[in-house]
Amino acid sequence: GVEVGRAQAAPAFTLPVTLIEVYENLADLDPRPDPPVFPNGRGFATNINVSDSNTAQNNPIFDVRNTNTQLFAVQPDVDAQGTLTFTLRKDECGQATVTVQIRDN
């Protein structure tokens with residue numbers, strides 16, 4: 001026989017802010033608007049959901065790409081808890097558009 005089940009909802013997340021300005025020699029991210037929403041990258045992605053109530057919990061995987069890889073010594077990444085990390089290359093300045101997508105394992 002064939003069993004047809006309900007499809008799982010698409011993975012989703014929320015970004016509290018969509019513009020991050022980082023100033024040279026600052027230890028913390030400086031998200032706008034004030035007050036800072038996610039110092040040190042914590043809470044960059046919130047309301048992370050990769051499964052519905054009828055399936056076992058899946059682990060979120062964030063696919064992160066950017067338009068200016070030369071700007072970073074360590075490329076931007078988002079972990080399963082929604083923390084954004086990156087390291088800027090010394091004495092570099094510029095802009096990058098960072099694209100974040102989520103999928104489950």
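User: Is Arg103 buried, exposed or partly exposed?
Analyst: Arg103 is partly exposed, because its relative accessible area is 40%. The cut-offs are under 20% for buried and over 50% for exposed, with partly exposed in between (1.4 Å probe, protein chains only).

User: What kind of model is this, and how are residues numbered?
Analyst: This is a predicted model, where local features need pLDDT of at least 70 and side-chain atom pairs count only at pLDDT 80 or more, while totals for chains, interfaces and linings use all residues. Residues are numbered from 1 along each chain as its sequence is written, and side-chain values use heavy atoms, with hydrogens and water left out.

User: Back to Arg103, then. Which residue does Arg103 form a salt bridge with?
Analyst: Asp63 is the partner, and the closest N and O atoms are 2.9 Å apart. A salt bridge here means a side-chain nitrogen of Lys or Arg within 4 Å of a carboxyl oxygen of Asp or Glu. By that rule the count is one salt bridge.

User: Where do Arg103 and Asp63 lie?
Analyst: Arg103 is in strand β8 and Asp63 in strand β5, so the pair ties together parts 40 residues apart in sequence. Strands (E, at least two residues) and helices (H or I, at least four) are DSSP runs, numbered from the N terminus. Asp63 has 24% relative accessibility, so Asp63 counts as partly exposed.

User: New topic: how many aromatic pairs does the structure hold?
Analyst: Two aromatic pairs. In one, the ring centres of Phe13 and Phe62 are 5.2 Å apart and the planes are at 80°, so that pair is edge-to-face. Rings of Phe, Tyr and Trp (its six-membered ring) pair if their centres lie within 6.5 Å; planes under 30 degrees apart are stacked, over 60 edge-to-face, and the rest tilted.

User: Which strands does that pair link?
Analyst: Phe13 sits in strand β1 (residues 12-14) and Phe62 in strand β5 (residues 60-66), distant parts of the chain, 49 residues apart. Phe13 is partly exposed at 22%, while Phe62 is buried at 7% relative accessible area.

User: And why is the pair of Phe72 and Phe86 edge-to-face?
Analyst: Because the planes of those two rings are at 80°, with the centres of Phe72 and Phe86 5.6 Å apart. Phe72 lies in strand β6 (residues 72-78) and Phe86 in strand β7 (residues 84-88), so this pair ties together parts 14 residues apart in sequence. Phe72 is buried at 5%, and Phe86 is partly exposed at 22%.

User: What is Asn66 in contact with, leaving aside its neighbours within four places in sequence?
Analyst: Phe72, Gln75, Pro76, Ala96, Thr97 and Val98. Contact means heavy atoms within 4.5 Å. Asn66 lies in strand β5 and counts as buried, at 17% relative accessibility.
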